[in-house]
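Have the model open alongside the text.

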Amino acid sequence: MTDSPTYVGQPLDRIDGRLKVTGSARYAAEFRAPNLSFATLVAASIARGRVRSLVTTFAERAPGVLAVITAANMPRMPRPSVPPAGDSSPLLDREIRYSGQIIAVVVAETHEQAQYAAELVHAEYDMLAPSANMERELARGFEPNTGNAPPSSKRGDVQSGLAAASTRVDAVYRTPTYHHNPMEPHATVAIWNGEDLLAYDATQGVSNTAQNLAEQFGLAPENVRVVDPFVGGGFGCKGQSWPHTPLAALAARVVNRPVRLELPRRQMFFTVGHRPETRQAETLGSDASGKLAAIRHQAFNHTSELDDFLEPTGNTPSMLYSCANVEVTQHLVRLNLGSPTYQRAPGESTGNFAHETAMDELAVRLRLDPLELRLRNYAQSDEKTGHPWSSKSLRECYAAAAQSFGWSQRSAAPRSMRDGRWLVGYGMATAAYPANFRPAGAKAQMYSDGSVRVLCGTQDLGTGTYTILAQVAADTVGVPISKVRVEIADTRFPDAPTSGGSCSATSAGSAVLMACRALRGRVLAMALADEGSPLFNLKASDIETRDGVASARQAPARRMSYVEIFGRYGKRVVEQEAFAEPGRERGGGGGAPQGTEQAAKGGSGQYSMYAFGAHFCEVRVDADLGTVRVARWNAAFALGKVLNAKTLRNQLQGGIVWGIGMALEEKSLLDERYARYVNSNLSEYHVPVNADIPEIAIELIPEKDEFVSPLGAKGAGEIGITGSPAAIGNAIYHATGRRLRELPITLDQLLV
Ligand code: MOS
């Protein structure tokens with residue numbers, strides 16, 4: 001990329017926007033195939049026990065039915081080395097471990113016929129009472145389980161830290177089960193051609209889905225192709241494979257025709273994950289000045305009988321502030337529910353709610369401004385790992401957002417600000433999320449008309465991946481963005497990571513940057529080596545490329561367009577592939593940037609890499625009715641290089657809207673007798689609507705981070721939700737004097 005980019009950083013509209021608003025963008029369920037048939041899943045209505053009998057004859061005789069597949073007649077499948085999460089192996093089982101578990105698949109000529117026949121499958125069960133209450137199970141004892149993330153962290157001595165503390169907060173915070181509810185339901189179109197399987201699958205990771213399918217069907221990786229050019233939202237529930245995907249492929253094999261399987265909204269609540277309930281006990285101790293002396297965080301979350309999903313709430317309390325004595329422990333509680341999974345900032349958003357609420361409580365005890373308390377405990381390095389930050393501009397975020405919001409106007413006492421019947425409250429919280437970067441590949445091609453094509457196996461969840469990759473490519477090669485075509489989310493393209501952990505922009509972006517740099521170098525090399533060219537004998541670094549023209553920096557009259565270069569050397573296409581991977585500064589094998597002190601030091605993981613931000617919000621609580629309105633929001637984030645100011649702000653605003661939903665509206669309600677979610681639809685599972693959302697002002701703080709990735713950008717998909725629920729709860733406390741520690745905060749709690 002040039003020093004003065006034309007496109008990178010600009011608030012460009014999404015290049016795929018027109019396709020989306022005209023309905024031309026095709027989502028997984030919209031792909032057609034000749035002779036397509038339709039599958040519907042039959043789900044268990046009990047949560048624990050065994051299918052005693054499954055009567056399929058009525059369904060089999062229903063109009064249009066091609067097959068009814070059950071555990072009894074299912075073809076044998078190889079056992080995958082790593083079973084997909086939430087799955088039982090074999091795929092259809094008589095043992096029932098959660099309500100909604102798939103017990104049969106009906107395939108028919110039409111979607112409606114499949115749905116109708118599915119209603120005719122009759123199951124009888126031997127039912128056992130399910131475990132569905134985390135507190136009750138906790139009372140019986142818990143498993144000290146490790147799950148999928150480091151569960152514990154310890155430094156110093158919390159006991160003596162607390163003994164020395166003059167001020168203490170000791171409280172329990174709870175977050176409920178949440179469901180993701182992307183607009184696009186999970187869907188798979190499976191097409192077999194001999195031993196080759198093609199799947200259009202709604203997924204955050206085409207490579208991961210393909211790998212799972214290959215293992216489940218015992219196929220070589222090259223026999224499986226997964227494609228998903230547009231994703232209608234993921235938020236984590238499409239971050240791993242769930243049983244419906246292999247079942248669609250299995251059904252296609254059984255009926256020997258292509259099969260489409262799309263989950264209805266209700267099934268989106270049972271077999272594709274959710275954010276687990278958490279119970280977080282947190283103890284803080286500080287000296288009289290507010291300096292933290294001890295942090296203890298003990299957390300529980302539920303998981304299923306099939307998986308060990310851990311919601312890592314303990315990470316935030318262990319790294320967000322400076323504190324010598326920290327102890328984090330996390331445990332799982334097994335319930336008869338489908339497996340939980342990643343949901344937008346898994347662990348960071350929930351853990352932040354507990355920790356940043358506890359910090360607010362500490363500020364109240366100390367009679368200290370909540371922002372001042374944070375500044376007094378500012379972490380100069382990551383004390384969890386002992387590493388310096390690759391970059392941290394949190395002070396600047398606090399200052400900018402506090403100023404824009406007017407934090408200095410806050411009167412400290414709770415219930416001291418009022419506007420007629422509205423109690424007014426100001427709240428703030430810190431946002432933080434790891435700046436992830438994972439290995440990614442990309443291919444860049446240039447054609448004789450000077451156009452550029454970029455191929456990368458990454459995904460666009462609706463976030464703007466197409467657009468930022470085009471911006472990076474256009475600037476790096478030096479062509480107008482209209483000359484760049486981006487193709488993604490196909491396992492035929494170079495591998496890129498699952499779009500999770502906010503890693504896609506920086507991972508796929510770095511791969512595209514490197515592929516385009518290499519492509520530019522290769523094309524220019526032809527002219528630089530040619531005596532007859534105006535660019536002869538110049539170095540690639542002496543050349544500026546812009547608008548499809550390469551010119552000598554010092555002598556702009558020496559110039560050649562890409563079209564002229566291709567014409568002169570008779571080339572039709574030149575291509576380069578590149579692979580971006582974390583360097584040693586991250587603990588990867590790729591080596592630190594050459595010539596840096598860190599490269600000389602060697603060793604693994606020399607920096608701790610996080611994105612940071614700050615939220616300030618105003619809430620208004622109706623003094624009589626307890627209704628909460630979020631009235632104003634100012635946030636500031638520092639995210640390294642800004643690739644597209646518009647899509648970036650959009651991501652952050654989306655995260656904050658999620659935070660508002662998490663704080664005030666969303667909750668999956670369980671009927672514990674049957675371990676079944678009862679509000680499994682979009683009318684009873686409340687999510688924010690436009691009327692719930694104020695103007696959300698986002699400031700982007702300039703930040704340079706040379707270690708985070710070759711591109712220098714930090715991801716933004718998840719940081720927005722971190723901190724926003726706590727900021728709201730803290731503002732509600734300020735408005736009302738009521739400290740509510742269980743989400744969502746609803747008016748019934750405020751009326752009591
Ligand atoms: Mo995100 S919850 O890491 O897909």
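Leaving aside its neighbours within four places in sequence, which residues is Thr 40 in contact with? With contact meaning heavy atoms within 4.5 Å, Thr 40 touches Ala 104, Val 105, Val 106, His 111, Ala 114, Gln 115 and Ala 118. Before going on, a word on ground rules: this is a predicted model, where local features need pLDDT of at least 70, side-chain atom pairs count only at pLDDT 80 or more, and totals for chains, interfaces and linings use all residues. Residues are numbered from 1 along each chain as its sequence is written, and side-chain values use heavy atoms, with hydrogens and water left out.

**The sheet around Thr 40**

Thr 40 lies in strand 1; helices (H or I, at least four residues) and strands (E, at least two) are DSSP runs, numbered from the N terminus. Thr 40 has a relative accessible area of 12%, so it counts as buried (buried is under 20% relative accessible area, exposed over 50%, partly exposed in between, with a 1.4 Å probe and protein chains only).

Two strands pair if DSSP finds at least two bridges between them. Strand 1 pairs with strand 12 (residues 259-262) in the parallel sense, over 3 bridges, and Ser 37 stands opposite Val 259 in strand 12.

**Aromatic rings**

Searching the whole structure turns up 17 aromatic pairs. Rings of Phe, Tyr and Trp (its six-membered ring) pair if their centres lie within 6.5 Å; planes under 30 degrees apart count as stacked, over 60 as edge-to-face and the rest as tilted. Here are two of the pairs:

| Pair | Centre to centre | Plane angle | Type |
|---|---|---|---|
| Phe 31 and Tyr 200 | 3.9 Å | 5° | stacked |
| Trp 389 and Phe 612 | 5.2 Å | 90° | edge-to-face |

Phe 31, in the loop between helix 1 (17-21) and strand 1 (37-43), and Tyr 200, in strand 10 (residues 196-201), are 169 residues apart. Phe 31 is buried at 10% relative accessible area, and Tyr 200 is buried at 13%. Trp 389, in the loop between helix 10 (370-376) and helix 11 (394-405), and Phe 612, in strand 25 (residues 610-622), are 223 residues apart. Trp 389 and Phe 612 are both buried.

Ring pairs also join Phe 405, Trp 407, Tyr 426 and Phe 616 into a cluster. The charged end of Arg 632 sits over the ring of Phe 405, 4.2 Å from its centre, where "over" means NZ of Lys or CZ of Arg within 6 Å of the ring centre and within 35 degrees of the ring normal. Likewise, the charged end of Arg 395 sits over the ring of Tyr 378, 4.1 Å from its centre.
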